[in-house]
Amino acid sequence: MSNEEVQYGADQIQILEGLEAVRKRPGMYIGTTASRGLHHLVYEIVDNSVDEALAGFCDHIEVTINEDNTIVVKDNGRGIPVDVNHKSGLTGVEVVFTILHAGGKFGGGGYKVSGGLHGVGASVVNALSEWLEVQVTRDGKVYQQRYERGKVCYPLKVVGEAPSNATGTRVYFKPDALIFKETTVYDYNVLKQRLREMAFLTKGLRITLTDLRVEEGEDPIVQTFHYEGGISEFVQYLNKSKTALYPEIMYFEGNKNNVQVEVSLQHNDSYTESIYTFVNNINTPEGGTHLEGFKAALTKTFNDYARANKMLKDNEENLSGEDIREGLTAIISVKIEDPQFEGQTKQKLGNSEARGAVAGIVGEQLTYFLEQNPSVAKQILEKAILAQRARDAARKARDLTRRKSALDGFGLPGKLADCSETDRSKCEIFIVEGDSAGGSAKTARSRATQAILPLRGKILNVEKARVDRIYGNNEIKSMITAFGTGIHDDFDINKLRYDKIIIMTDADVDGAHIATLMLTFLYRFMPELIKEGHVYLAQPPLYKLEKNKKVWYAYSDEELNKILMDVGRDQNNKIQRYKGLGEMDPEQLWETTMDPDRRVLLRVNIDEESESDIDVTFTTLMGDKVEPRREFIEKNAKFVKNLDI
Ligand code: TTJ
């Protein structure tokens, strides 16, 4: 055996040990072996092709999900080098797929994508695949190599001829079911989301996703993502369902401190801020230095412009960053050689050079843009000045409710009919739609433990209003003071004056809408009340049935039918359909909806899994003693709250 062969053998053992380590502790390399990790394999391979695109040698990547959940990733780049690297004695291809951390970086152009769990390389995918086949097309030939659970099956070999100008790389793999025990089934939408994002972030690149898992005879699902405008089109896409404040989408780019920076932005007429940040095409949900640089430059540039153009007078305060970012949609994308990730989940950029780079480029180019587009500048600043006034007004309104609640009791709203019981755990408050129903409820209630707060008409939709209107709204102010908990930073659940907050509305569409608006307010401003189970919906009946001096109430059509089956359908039945709470006299309201011994309440829950949906779990609460009078079917209903993504 020659010296060289011994050397080769020793390297082989090291390589196998490396990939074996990946198989032993896959979580260390891809985070999880659940569905997320399975999808991560695809991104890991695609990242290599994106690098080739960034280097300027590839403009099309095709990803295919085969019928058996194997994956093909194919690009039209230069092809992974096939010649033997003298140091390792291995072909470029074998280095890429068998040596840890040797992600496709062979000098020249592009940025190595690393940090977090990304950029761990194709060898990790290889190690975690039952088998993987790579084909490289270059120099008029097609080369191929196959691996099984990371082990080389045969040396790289020529398997065919190719047109002399064709080049590219194709990887075909099957995730190992021994590793991905939970699932080996790909979710089209998950891949779609990420591949679309990658296409937005790499302008000009075309990414095609094909799903072959369709019924026989049906066409495969094929989608192509291709954005010549890059992140400007990303901003346009995010603002699609909103009303833009001005038609222009700003785009700034440049290179500073070895950081490549791209920023795009446009305001819409909403009040929320949506900024998404990326480092080497990886999302950084916790932001970091690039985001800090962006915010600092935005705040300074707009204030400077406002002063220079007399939109802010000398004696007026600067606009806050928050005011300027009201309704802003923005994408910040930086590329950096050696990104440092910080924070709990390693999703926050730490490199300080990124702060200066983004601030410098945005500051310079935004200043120029505003000078060239004074009408856009004016619209943004007018919105920001309104936001500033709203924030001032909100602060004043909040101070007011704060002072009132400090007086405990004296500041209670005039319309509130409070209860006399001092033990809070026995108290409940009914929030009632309309003054007339409020009047009946006040007559019907048990004074000791039940308080009534009537609200007039529809309450404000807090999703669609600025803070000053929210805090200025009388119905909302009444609720805040009645509950006693304070709000926001002052919120203290221990000060809650009632154990149960019961929303009582008509059993019709309008009533349901009002209840939804109420829940939206509570969810946005006092989510703890819902999380701690203090919020309920009253259930007024839909029908009253009278027969031979006996009375039944039905809470649904099915229930009415059931009762009619029992008592018999004949002309002695007197059926009354309630259209609103106001149609019931106080006694009926008490019997059917308010009496703790007879009523049915629904408790409102928040599903921890998807906090964006408020789940209303239908639960019977039949008071403390009596056994349930009627059978109750447990149901779930959803008040879906569409949060901005
Ligand atoms: C590197 O520089 C020399 C010419 O080839 C460059 C290269 O490696 N390009 C390249 C790699 N293009 N595509 C890849 C690639 C594609 C897939 C699907 C998977 C992997 C691991 C790499």
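Helix H3 (35-54) gives the largest share of the shell around the ligand, with 4 residues. This is a predicted model, in which local features need pLDDT of at least 70, side-chain atom pairs count only at pLDDT 80 or more, and totals for chains, interfaces and linings use all residues. Residues are numbered from 1 along each chain as its sequence is written, and side-chain values use heavy atoms, with hydrogens and water left out.

In total, 17 residues surround the ligand, the closest being Asn-48, Ser-49, Glu-52, Asp-75 and Gly-79; a residue counts as near if one of its heavy atoms lies within 4 Å. By type, the shell comprises 9 nonpolar, 4 polar and 4 charged residues, where Ala, Val, Leu, Ile, Met, Phe, Trp, Tyr, Cys and Pro count as nonpolar, Asp, Glu, Lys and Arg as charged, and the others, Gly among them, as polar.

Polar contacts (pairs of N or O atoms within 3.5 Å) can be followed atom by atom. A nitrogen atom of the ligand has a polar side-chain atom of Asp-75 at 2.6 Å, while a polar backbone atom of Gly-79 sits 2.9 Å from a ligand oxygen atom. The side chain of Thr-169 places an N or O atom 3.5 Å from a nitrogen atom of the ligand. Of the 500 Å² of accessible area that the ligand has on its own, the protein covers 94% (Shrake-Rupley method, 1.4 Å probe). Two or more shell residues come from each of helix H3 (35-54), strand E2 (71-75), helix H4 (92-98) and strand E9 (168-175); helices (H or I, at least four residues) and strands (E, at least two) are DSSP runs, numbered from the N terminus.

Strands E13 (residues 259-267) and E16 (residues 328-336) run antiparallel and are joined by 9 bridges, with Leu-265 partnered by Ala-330 in E16.

Another open sheet, of 3 strands, has antiparallel pairing in the order E24-E23-E25, and its twist averages 20 degrees from one strand to the next. E23 (residues 543-547) pairs with E24 over 5 bridges, and Lys-547 stands opposite Lys-550. Helix H17 (residues 557-567) packs on this sheet, touching E23, E24 and E25.

Key. A polar contact is a pair of N or O atoms within 3.5 Å; within protein, one must be able to donate a hydrogen and the other to accept it, and residues adjacent in sequence count only if both atoms are side-chain atoms. Two strands pair if DSSP finds at least two bridges between them. Axes are lines fitted to C-alpha atoms, for helices over the stretch in contact, and angles run from 0 to 180 degrees between N-to-C directions. Contact means heavy atoms within 4.5 Å.
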